[in-house]
Amino acid sequence: MIRRLVQRVQDRVQTLLAGKPRTRRAPKHIPVSEHGIDRSLVSRAAIRTCEALQAAGFRAYIVGGAVRDLLLGIAPKDFDVATDATPEQIKSHFRRAIIIGRRFRLVHVMFGGETIETSTFRALGAGERDTDEHGRVLADNTFGEQHEDAARRDFTVNALYYDPTRQEVLDYHDGVRDVRRRRLRIIGNPEARYREDPVRMLRAVRFAAKLGFEIDPATREPIGRLAPLIENVPAARLFDEMLKLLTSGHAVGCIERLRAEGLHHGVLPLLDVILDQPEGERFIMLALSRTDERVRAGKHIAPGFLFATLLWNEVLSQWKARVARGEHRLPALEEAIDRVLEVQTEKLAIQRRYTADMREIWMMQPRFERRHGQAPVRLLEHLRLRAGYDFLQLRCDCGEAPAELGHWWTQFLHADSQTRTQMAAQRPASAPAPRKRRRGARRRAPESPQPVALSTQGEGNREP
Ligand code: ATP
Ligand code: MG
């Protein structure tokens with residue numbers, strides 16, 4: 001008896017030292033009269049997933065961000081289900097279901113076009129988890145009890161379980177109270193939880209900005225100190241999280257908070273430099289606020305375009321430096337792009353399909369400056385013209401490229417072919433006169449420069 005008591009005290013001390021959240025075994029059962037979730041906002045596919053598992057004798061709940069959003073009256077963008085059934089058991093109860101993931105296997109249950117990510121309750125891992133030297137968890141893949149599953153989630157508001165059959169919310173960590181108070185509170189010891197997974201710091205910022213929540217002081221306090229741990233996060237994971245943040249519909253708010261928390265340094269290596277330059281900041285903030293508008297209007301966001309805007313200033317300054325050293329404009333731009341992508345992809349595994357888009361958008365920019373003869377007509381055939389043109393407009397809107405250039409292209413794109421021919425026959429006032437070739441000078445590549453944006457002549461031109 002005494003031995004057991006001593007053991008329990010020892011366990012508790014160890015848990016506290018390890019920063020492991022104290023797990024409450026019995027949750028609060030919150031009825032619909034209290035939580036008020038509108039069942040009509042719940043996806044049919046998620047309800048059917050829970051019902052099928054429950055009919056087979058398992059426990060099954062909608063979990064995570066969906067419950068949080070439902071409590072806030074927001075229609076969730078996707079639904080996850082957690083259950084005590086194993087992946088094989090889950091799969092066997094649905095016609096269209098596949099087991100995915102190697103480290104921690106979960107099941108994608110499909111109904112029509114909707115996929116419900118269904119996972120087995122996960123354990124906390126009783127101290128035997130693999131971690132790196134900073135405490136980052138490398139393997140975390142054992143099944144567990146529901147209370148353990150709740151304790152390993154990041155924030156109290158993300159650790160709620162909704163049973164659509166009983167219309168009841170199971171709450172182990174006072175998440176419902178925190179939703180009502182609009183507080184983001186990490187479960188367990190904040191420092192230990194960030195060490196386990198530094199991405200949680202970025203998640204804190206994203207949720208706070210997206211939900212308009214305040215970060216609880218104890219949850220917030222270690223972030224500034226532990227920000228450098230972001231450096232240890234694998235690049236692919238960081239990219240996914242950055243993409244979520246930038247396409248959350250609250251990118252501007254997120255970036256402002258990242259900066260306030262001192263988190264922007266490790267994330268996009270150049271973001272801190274960029275945001276410290278007023279020119280770069282104006283461009284990025286304009287790009288991000290347009291992205292936010294698009295997301296909120298339910299429109300598609302092309303990640304390539306987004307990252308092209310984020311890194312443009314860096315490309316521009318390296319390009320400018322090379323041109324100042326006497327390099328030809330186009331090869332200089334290509335070199336600048338290579339260097340920027342090299343650094344960024346190492347840090348932030350931007351997938352190749354996105355970097356290909358970025359490169360095309362950037363390489364198109366000097367081509368917009370050639371408005372005479374066949375050049376603009378040829379550019380119309382470019383497959384990524386729309387993205388390149390939108391990018392140009394953004395540059396014009398923040399004053400980095402001449403507004404007149406943007407107007408010209410808008411007119412040109414909307415004109416009929418006869419007007420286009422006329423437009424291309426006139427030399428725009430701001431266009432540089434064609435260079436007289438020196439005798440014996442070697443012919444340059446057709447794309448060779450003297451463009452508007454890089455020249456100092458013409459209204460509204462700026463040096464890049
Ligand atoms: P969103 O609205 O952005 O999808 P979400 O809360 O659903 O928000 P997801 O990334 O979809 O976020 O994760 C689903 C759930 O998994 C979270 O609600 C949380 O309970 C848990 N989770 C996700 N990432 C972590 C993490 N890094 N550490 C602990 N728990 C996590
Ligand atoms: Mg989610």
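Me: Which residue takes a positive phi in the hairpin of β4 and β5?
Reply: G101, with a phi near 85°. That hairpin has five residues between the strands. Strands here are DSSP E runs of at least two residues, helices are H or I runs of at least four, and both are numbered from the N terminus.

Me: How many bridges are there between β4 and β5?
Reply: Four, in the antiparallel sense, with β4 covering residues 97-100 and β5 residues 106-111. Strands count as paired if DSSP finds at least two bridges between them. I100 has L106 in β5 as its bridge partner.

Me: What does pLDDT average over the chain?
Reply: The average is 84, and 81% of the residues score at least 70. pLDDT is the predictor's confidence in each residue, from 0 to 100. Over residues 15-19 it is below 50, and that stretch has nine contacts in the model beyond near neighbours in sequence. A contact means two C-beta atoms, placed from the backbone, within 7 Å.

Me: And where else does pLDDT stay under 50?
Reply: Over residues 433-464, for which the model has 54 contacts beyond four places in sequence. Where pLDDT is low, the predicted coordinates should not be read in detail.

Me: OK, ligand. Which residues are around ligand 1?
Reply: G64, G65, D80, R153, D154, N158, A159, D197, V199, R200 and K244. To be listed, a residue needs its C-beta atom, placed from the backbone, within 6 Å of the molecule.

Me: How many of that shell are charged?
Reply: Six, along with three polar and two nonpolar residues. In this scheme Asp, Glu, Lys and Arg are charged, Ala, Val, Leu, Ile, Met, Phe, Trp, Tyr, Cys and Pro are nonpolar, and the others, Gly among them, are polar.

Me: Switching to the core. Which residues touch the most other members of the largest nonpolar core?
Reply: Y61, I62, V67 and V81, out of 99 residues in that core. Helix α16, residues 303-324, supplies the largest share, ten residues. A nonpolar core is a set of buried Ala, Val, Leu, Ile, Met, Phe, Trp, Tyr and Cys residues joined through C-beta atoms within 7 Å. Buried means 20 or more other C-beta atoms within 10 Å of the residue's own, exposed means 12 or fewer, and partly exposed is in between, with C-beta atoms placed from the backbone.

Me: What is Y61 in contact with?
Reply: Leaving aside neighbours within four places in sequence, Y61 contacts C50, V81, A82, Y161, Y162, D163 and L170.

Me: How do β2 and β9 pair, parallel or antiparallel?
Reply: Antiparallel, over two bridges, with β2 at residues 60-63. V63 stands opposite Y161 in β9. β9 is also joined to β10 by four bridges, again antiparallel, and D163 has E168 in β10 as its bridge partner.

Me: Which residue has the positive phi in the hairpin of β9 and β10?
Reply: Q167, near 55°, in a hairpin with four residues between the strands. Q167 is not a glycine. Q167 counts as partly exposed because it has 15 C-beta neighbours inside 10 Å.

Me: And what about D174?
Reply: D174 also isn't a glycine and has a positive phi of about 55°. D174 lies in the loop between β10 and α7 (175-181), and is partly exposed because 19 other C-beta atoms are within 10 Å.

Me: Last one: is F121 buried or exposed?
Reply: F121 is buried, because it has 21 C-beta neighbours inside 10 Å. F121 is in the loop between β6 (114-120) and β7 (130-131). Among the residues in contact with F121 are A82, D84 and F143.

Definitions and conventions. Residues are numbered from 1 along each chain as its sequence is written. Chains are lettered from A and ligands numbered from 1 in the order in which they are written. This is a predicted model: local features need pLDDT of at least 70, side-chain atom pairs count only at pLDDT 80 or more; totals for chains, interfaces and linings use all residues.
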